[in-house]
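Look at the model shown here and follow its strands, its helices and its ligand in turn.

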Amino acid sequence: MQNTSRTIVVLGTGGTIAGTAADAADNVGYTAAQLGVEALVKAVPALAGLPLECEQVAQADSKDMGFAVWRALAQRTAHHLARDDVAGVVITHGTDTLEETAYLLQRVLAPAKPVVMTAAMRPATSMQADGPQNLLDAVTVAGVPGAQGVLVVLAGTLHAAAGVRKAHTYRVDAFSSSDAGPLGVVEEGAVTAWRAWPQGEALGLQWLPMEADAWPQVEIVTSHAGASGALVRAACEIGVQGLVVAATGNGTVHAALEAALLEAQDQGVTVWRSSRCGNGRVLARPDDMLPSAGALTPAQARVELILQLLTPSV
Ligand code: SIN
(Lines give C-alpha, C1' and ligand atoms only; values in the text may rest on other atoms or scores of the structure.)
Protein backbone atom coordinates (compact mmCIF):
# COMPACT_ATOMS: atom_id res chain seq x y z
CA MET A 1 0.00 0.00 0.00
CA GLN A 2 1.28 3.49 -0.84
CA ASN A 3 2.65 5.34 2.19
CA THR A 4 0.73 8.63 2.31
CA SER A 5 2.28 9.93 5.55
CA ARG A 6 4.12 13.20 5.02
CA THR A 7 5.46 14.72 8.21
CA ILE A 8 9.22 14.65 8.60
CA VAL A 9 10.58 15.03 12.12
CA VAL A 10 13.95 16.73 12.51
CA LEU A 11 15.76 15.77 15.70
CA GLY A 12 18.65 17.99 16.77
CA THR A 13 21.65 16.74 18.72
CA GLY A 14 24.23 19.50 18.17
CA GLY A 15 27.48 19.26 16.21
CA THR A 16 29.25 21.66 13.87
CA ILE A 17 26.08 21.98 11.82
CA ALA A 18 24.78 23.91 14.86
CA GLY A 19 28.12 25.56 15.57
CA THR A 20 29.09 29.22 15.51
CA ALA A 21 32.32 31.19 15.19
CA ALA A 22 33.02 34.88 15.71
CA ASP A 23 34.55 35.13 12.23
CA ALA A 24 32.84 33.82 9.07
CA ALA A 25 36.28 32.91 7.66
CA ASP A 26 37.04 30.65 10.64
CA ASN A 27 36.20 27.01 9.92
CA VAL A 28 38.09 25.47 12.81
CA GLY A 29 37.97 27.84 15.78
CA TYR A 30 34.24 27.58 16.32
CA THR A 31 32.06 26.24 19.12
CA ALA A 32 29.88 23.28 18.16
CA ALA A 33 26.25 22.88 19.26
CA GLN A 34 25.18 26.50 19.69
CA LEU A 35 22.04 26.82 17.51
CA GLY A 36 18.79 24.99 18.08
CA VAL A 37 17.38 22.66 15.46
CA GLU A 38 14.51 25.07 14.68
CA ALA A 39 17.04 27.77 13.79
CA LEU A 40 18.85 25.33 11.48
CA VAL A 41 15.61 24.55 9.66
CA LYS A 42 14.62 28.24 9.45
CA ALA A 43 17.97 29.03 7.82
CA VAL A 44 17.03 26.93 4.77
CA PRO A 45 14.44 28.83 2.70
CA ALA A 46 13.63 25.73 0.62
CA LEU A 47 12.32 23.99 3.76
CA ALA A 48 9.74 26.70 4.46
CA GLY A 49 6.18 25.42 4.19
CA LEU A 50 7.15 21.73 4.34
CA PRO A 51 5.44 19.61 7.00
CA LEU A 52 8.40 19.48 9.36
CA GLU A 53 8.47 19.10 13.12
CA CYS A 54 11.58 19.91 15.14
CA GLU A 55 12.70 18.45 18.44
CA GLN A 56 15.92 19.12 20.32
CA VAL A 57 17.05 15.79 21.78
CA ALA A 58 20.51 16.98 22.84
CA GLN A 59 22.91 19.86 22.25
CA ALA A 60 26.39 18.36 22.23
CA ASP A 61 29.72 18.37 20.51
CA SER A 62 29.59 14.78 19.31
CA LYS A 63 33.09 14.00 20.62
CA ASP A 64 31.25 13.97 23.97
CA MET A 65 28.50 11.61 22.79
CA GLY A 66 27.47 9.13 25.45
CA PHE A 67 25.04 6.44 26.41
CA ALA A 68 22.35 8.76 27.83
CA VAL A 69 22.01 10.67 24.57
CA TRP A 70 22.11 7.45 22.55
CA ARG A 71 19.25 6.03 24.63
CA ALA A 72 17.20 9.22 24.34
CA LEU A 73 17.85 9.55 20.62
CA ALA A 74 16.91 5.95 19.90
CA GLN A 75 13.77 6.34 21.98
CA ARG A 76 12.63 9.61 20.34
CA THR A 77 13.42 8.26 16.87
CA ALA A 78 11.40 5.11 17.53
CA HIS A 79 8.56 7.18 18.96
CA HIS A 80 8.23 9.33 15.84
CA LEU A 81 8.72 6.45 13.41
CA ALA A 82 5.76 4.70 15.02
CA ARG A 83 3.46 7.61 14.08
CA ASP A 84 1.34 6.95 10.99
CA ASP A 85 1.67 10.57 9.86
CA VAL A 86 5.48 10.49 9.87
CA ALA A 87 7.27 9.62 6.63
CA GLY A 88 10.76 9.73 8.07
CA VAL A 89 13.12 11.21 10.64
CA VAL A 90 16.13 13.45 10.06
CA ILE A 91 18.83 13.69 12.72
CA THR A 92 21.34 16.53 12.83
CA HIS A 93 24.55 15.34 14.52
CA GLY A 94 28.24 16.12 14.84
CA THR A 95 30.49 14.44 12.30
CA ASP A 96 33.01 13.13 14.83
CA THR A 97 31.01 10.20 16.20
CA LEU A 98 28.28 10.07 13.57
CA GLU A 99 29.43 6.64 12.35
CA GLU A 100 28.89 5.23 15.85
CA THR A 101 25.42 6.69 16.38
CA ALA A 102 24.34 5.70 12.87
CA TYR A 103 25.51 2.13 13.43
CA LEU A 104 23.79 1.92 16.82
CA LEU A 105 20.46 3.21 15.47
CA GLN A 106 20.50 0.82 12.51
CA ARG A 107 21.18 -2.20 14.73
CA VAL A 108 18.67 -1.21 17.41
CA LEU A 109 15.84 0.11 15.23
CA ALA A 110 16.47 -1.30 11.70
CA PRO A 111 13.71 1.13 10.68
CA ALA A 112 11.24 0.40 7.90
CA LYS A 113 11.10 4.16 7.29
CA PRO A 114 14.10 6.40 6.51
CA VAL A 115 16.14 7.81 9.37
CA VAL A 116 18.52 10.23 7.69
CA MET A 117 21.46 11.56 9.63
CA THR A 118 23.24 14.66 8.49
CA ALA A 119 25.97 16.98 9.74
CA ALA A 120 28.37 19.64 8.56
CA MET A 121 32.09 20.20 8.39
CA ARG A 122 31.74 23.99 8.54
CA PRO A 123 29.91 25.89 11.27
CA ALA A 124 26.61 27.60 10.54
CA THR A 125 28.35 31.00 10.56
CA SER A 126 30.90 30.01 7.91
CA MET A 127 30.93 31.73 4.53
CA GLN A 128 31.20 28.16 3.19
CA ALA A 129 28.54 26.62 5.46
CA ASP A 130 27.64 23.16 4.18
CA GLY A 131 24.96 22.46 6.78
CA PRO A 132 21.99 24.08 4.99
CA GLN A 133 22.41 22.04 1.78
CA ASN A 134 23.07 18.86 3.80
CA LEU A 135 19.91 19.44 5.84
CA LEU A 136 17.85 20.07 2.70
CA ASP A 137 19.25 16.88 1.14
CA ALA A 138 18.49 14.90 4.29
CA VAL A 139 14.87 16.07 4.33
CA THR A 140 14.62 15.18 0.64
CA VAL A 141 15.88 11.64 1.29
CA ALA A 142 13.53 11.25 4.28
CA GLY A 143 10.61 11.93 1.94
CA VAL A 144 11.55 9.37 -0.72
CA PRO A 145 8.79 6.74 -0.98
CA GLY A 146 10.14 3.28 -0.16
CA ALA A 147 13.34 4.55 1.45
CA GLN A 148 14.23 2.84 4.71
CA GLY A 149 17.01 2.20 7.18
CA VAL A 150 19.49 4.51 8.83
CA LEU A 151 21.16 6.63 6.17
CA VAL A 152 23.78 9.36 6.21
CA VAL A 153 23.86 12.23 3.75
CA LEU A 154 26.66 14.78 3.44
CA ALA A 155 28.07 16.63 0.45
CA GLY A 156 25.46 15.12 -1.86
CA THR A 157 26.54 11.57 -1.07
CA LEU A 158 24.24 9.03 0.51
CA HIS A 159 25.69 6.30 2.74
CA ALA A 160 24.19 3.34 4.58
CA ALA A 161 24.86 3.36 8.32
CA ALA A 162 26.63 0.01 8.43
CA GLY A 163 29.65 0.95 6.33
CA VAL A 164 29.93 4.68 6.80
CA ARG A 165 32.94 6.28 8.41
CA LYS A 166 34.45 9.73 8.77
CA ALA A 167 37.45 9.59 6.47
CA HIS A 168 38.73 13.15 6.33
CA THR A 169 39.47 15.69 9.04
CA TYR A 170 38.57 18.83 7.13
CA ARG A 171 36.97 18.47 3.68
CA VAL A 172 33.22 18.87 3.36
CA ASP A 173 33.11 15.49 1.57
CA ALA A 174 34.45 13.85 4.72
CA PHE A 175 32.57 10.54 4.74
CA SER A 176 33.25 7.26 2.98
CA SER A 177 31.53 3.91 2.69
CA SER A 178 34.83 2.07 2.22
CA ASP A 179 34.71 -0.95 -0.10
CA ALA A 180 30.90 -1.04 -0.33
CA GLY A 181 30.84 2.41 -1.85
CA PRO A 182 28.13 4.98 -1.25
CA LEU A 183 24.49 3.97 -1.48
CA GLY A 184 23.66 6.82 -3.83
CA VAL A 185 23.66 10.54 -4.42
CA VAL A 186 21.42 13.56 -3.96
CA GLU A 187 21.77 15.96 -6.87
CA GLU A 188 19.64 19.10 -7.23
CA GLY A 189 16.91 17.55 -5.11
CA ALA A 190 16.91 14.23 -6.99
CA VAL A 191 17.82 11.11 -5.03
CA THR A 192 19.49 8.25 -6.91
CA ALA A 193 20.01 5.01 -4.97
CA TRP A 194 22.46 2.62 -6.63
CA ARG A 195 21.99 -0.10 -4.04
CA ALA A 196 19.09 -1.46 -1.98
CA TRP A 197 18.02 0.44 1.14
CA PRO A 198 19.48 -1.00 4.36
CA GLN A 199 17.57 -3.90 5.85
CA GLY A 200 18.00 -5.96 8.96
CA GLU A 201 16.38 -7.18 12.10
CA ALA A 202 15.95 -4.66 14.89
CA LEU A 203 17.48 -5.70 18.20
CA GLY A 204 14.91 -3.51 19.94
CA LEU A 205 15.04 -0.49 22.15
CA GLN A 206 14.31 -2.50 25.29
CA TRP A 207 17.94 -3.69 25.47
CA LEU A 208 19.41 -0.21 25.90
CA PRO A 209 19.83 0.48 29.64
CA MET A 210 18.22 3.60 31.06
CA GLU A 211 21.20 4.20 33.35
CA ALA A 212 24.43 5.14 31.58
CA ASP A 213 26.53 3.15 34.05
CA ALA A 214 24.56 -0.01 33.28
CA TRP A 215 26.00 -0.14 29.74
CA PRO A 216 28.91 -2.60 29.33
CA GLN A 217 32.37 -1.08 29.44
CA VAL A 218 34.14 -1.77 26.16
CA GLU A 219 37.42 -0.02 25.42
CA ILE A 220 39.50 0.36 22.27
CA VAL A 221 43.25 -0.21 22.33
CA THR A 222 45.58 0.38 19.40
CA SER A 223 48.41 -1.82 18.13
CA HIS A 224 51.47 0.14 17.06
CA ALA A 225 55.25 0.05 17.08
CA GLY A 226 56.46 -0.43 20.64
CA ALA A 227 53.01 -1.43 21.91
CA SER A 228 52.75 -3.05 25.34
CA GLY A 229 50.07 -4.86 27.29
CA ALA A 230 49.91 -2.20 30.02
CA LEU A 231 46.61 -0.60 29.00
CA VAL A 232 44.93 -3.96 28.50
CA ARG A 233 45.99 -5.15 31.96
CA ALA A 234 44.80 -1.88 33.50
CA ALA A 235 41.47 -2.26 31.70
CA CYS A 236 41.08 -5.78 33.06
CA GLU A 237 41.80 -4.56 36.56
CA ILE A 238 38.89 -2.10 36.40
CA GLY A 239 36.58 -4.86 35.15
CA VAL A 240 36.17 -4.03 31.49
CA GLN A 241 33.81 -6.44 29.70
CA GLY A 242 35.06 -6.04 26.17
CA LEU A 243 38.10 -4.85 24.25
CA VAL A 244 38.42 -3.94 20.59
CA VAL A 245 41.93 -3.75 19.25
CA ALA A 246 42.52 -1.33 16.40
CA ALA A 247 45.07 -3.64 14.86
CA THR A 248 47.57 -3.03 12.10
CA GLY A 249 46.92 -4.12 8.51
CA ASN A 250 44.80 -7.24 8.20
CA GLY A 251 44.25 -7.46 11.95
CA THR A 252 47.84 -8.09 13.04
CA VAL A 253 48.70 -7.25 16.65
CA HIS A 254 52.06 -6.47 18.30
CA ALA A 255 53.21 -9.59 20.17
CA ALA A 256 53.34 -7.81 23.56
CA LEU A 257 49.83 -6.44 23.15
CA GLU A 258 48.54 -9.74 21.79
CA ALA A 259 49.84 -11.61 24.85
CA ALA A 260 47.87 -9.27 27.13
CA LEU A 261 44.76 -9.53 24.96
CA LEU A 262 44.92 -13.33 25.10
CA GLU A 263 45.23 -13.12 28.90
CA ALA A 264 42.18 -10.84 28.93
CA GLN A 265 40.26 -13.27 26.74
CA ASP A 266 41.19 -16.13 29.10
CA GLN A 267 39.77 -14.06 31.98
CA GLY A 268 36.40 -13.78 30.19
CA VAL A 269 36.80 -10.42 28.48
CA THR A 270 35.47 -10.47 24.91
CA VAL A 271 38.23 -9.31 22.57
CA TRP A 272 37.74 -8.42 18.90
CA ARG A 273 40.25 -7.40 16.24
CA SER A 274 39.45 -4.57 13.85
CA SER A 275 41.88 -2.70 11.63
CA ARG A 276 43.21 0.81 12.03
CA CYS A 277 43.62 1.00 8.21
CA GLY A 278 40.33 2.82 7.71
CA ASN A 279 39.40 0.72 4.69
CA GLY A 280 38.92 -2.97 4.03
CA ARG A 281 37.97 -5.84 6.30
CA VAL A 282 39.95 -8.09 8.65
CA LEU A 283 40.09 -11.37 6.76
CA ALA A 284 40.07 -14.36 9.11
CA ARG A 285 43.01 -16.81 9.07
CA PRO A 286 42.94 -20.40 10.36
CA ASP A 287 45.36 -19.66 13.23
CA ASP A 288 43.50 -16.58 14.55
CA MET A 289 43.23 -16.59 18.32
CA LEU A 290 41.18 -13.37 18.56
CA PRO A 291 37.98 -13.03 16.51
CA SER A 292 37.78 -10.56 13.63
CA ALA A 293 35.33 -7.64 13.66
CA GLY A 294 35.01 -7.95 9.89
CA ALA A 295 34.64 -4.67 8.04
CA LEU A 296 33.60 -2.62 11.06
CA THR A 297 35.73 0.36 12.02
CA PRO A 298 37.17 0.09 15.54
CA ALA A 299 34.51 2.55 16.78
CA GLN A 300 31.68 0.63 15.12
CA ALA A 301 33.09 -2.69 16.34
CA ARG A 302 32.94 -1.28 19.86
CA VAL A 303 29.25 -0.41 19.37
CA GLU A 304 28.52 -3.89 18.01
CA LEU A 305 30.34 -5.52 20.91
CA ILE A 306 28.41 -3.39 23.41
CA LEU A 307 25.17 -4.48 21.75
CA GLN A 308 26.19 -8.14 21.78
CA LEU A 309 27.04 -7.91 25.48
CA LEU A 310 23.63 -6.31 26.11
CA THR A 311 21.73 -8.94 24.14
CA PRO A 312 23.28 -12.28 25.04
CA SER A 313 20.09 -14.20 24.28
CA VAL A 314 19.27 -12.62 20.90
C1 SIN B 1 31.03 17.32 16.40
O2 SIN B 1 31.26 16.18 16.01
O3 SIN B 1 30.07 17.60 17.14
C4 SIN B 1 31.93 18.44 16.05
C5 SIN B 1 32.60 18.24 14.74
C6 SIN B 1 31.66 18.22 13.58
O7 SIN B 1 30.45 18.15 13.68
O8 SIN B 1 32.21 18.24 12.44
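## Basis

The structure is a predicted model. Strands of a sheet pair through backbone hydrogen bonds, and this pairing is either parallel or antiparallel.

## The eight-stranded sheet

Eight strands make up an open sheet, and their order is β2-β1-β3-β4-β5-β6-β9-β10. The pairing in this sheet is mixed. Its edge strands are β2 (52–60) and β10 (190–193), each of which pairs on one side only. From one strand to the next, the twist averages 20°.

Strand β5 (residues 149–154) pairs with strand β6 (residues 157–160) in the antiparallel sense, over four bridges. Within this pair, Leu-151 stands opposite Ala-160 in β6.

Helix α3 (residues 98–109) lies across β3, β4 and β5. Helix α3 runs at about 155° to β5.

## The three-stranded sheet

Another open sheet is formed by three strands in the order β11-β12-β13, with parallel pairing. Strands β11 (218–222) and β13 (270–275) stand at the edges with a single partner strand each, so one side of each has no neighbour in the sheet. Neighbouring strands of this sheet are turned by 25° against each other on average, with direction ignored.

Strand β11 pairs with strand β12 (residues 242–247) in the parallel sense over five bridges. Here Ile-220 stands opposite Val-244 in β12.

Two helices pack on this sheet. Helix α6 (residues 255–266) touches β11, β12 and β13, and its direction makes about 160° with that of β12. Helix α7 (residues 298–310) also touches β11, β12 and β13, while its direction makes about 155° with that of β13.

## The ligand

Which residues surround the ligand? They are Gly-15, Thr-16, Tyr-30, Asp-61, Ser-62, Gly-94, Thr-95, Asp-96 and Ala-120. By kind, the residues of this shell divide into two nonpolar, five polar and two charged.

An N or O atom in the side chain of Ser-62 is 2.6 Å from an oxygen atom of the ligand. For the side chain of Thr-95, the distance from an N or O atom to an oxygen atom of the ligand is 2.4 Å. Ala-120 takes part through its backbone, where an N or O atom lies 3.3 Å from an oxygen atom of the ligand. Taken alone, the ligand exposes 250 Å², and the protein buries 95% of that.

Conventions. Residues numbered from 1 in each chain as written. Predicted model: local features only at pLDDT ≥ 70, side-chain atom pairs only at ≥ 80, totals over all residues. Heavy atoms only, no water. Pairing = 2+ DSSP bridges. Axes fitted to C-alpha atoms, helices over the stretch in contact; angles between N-to-C directions. Contact = heavy atoms within 4.5 Å. Near = heavy atom within 4 Å. Polar contact = N/O pair within 3.5 Å; in protein donor to acceptor, adjacent residues only side chain to side chain. Areas by Shrake-Rupley, 256 points an atom, 1.4 Å probe, with all protein chains shown as cover. Nonpolar A, V, L, I, M, F, W, Y, C, P; charged D, E, K, R; others polar.
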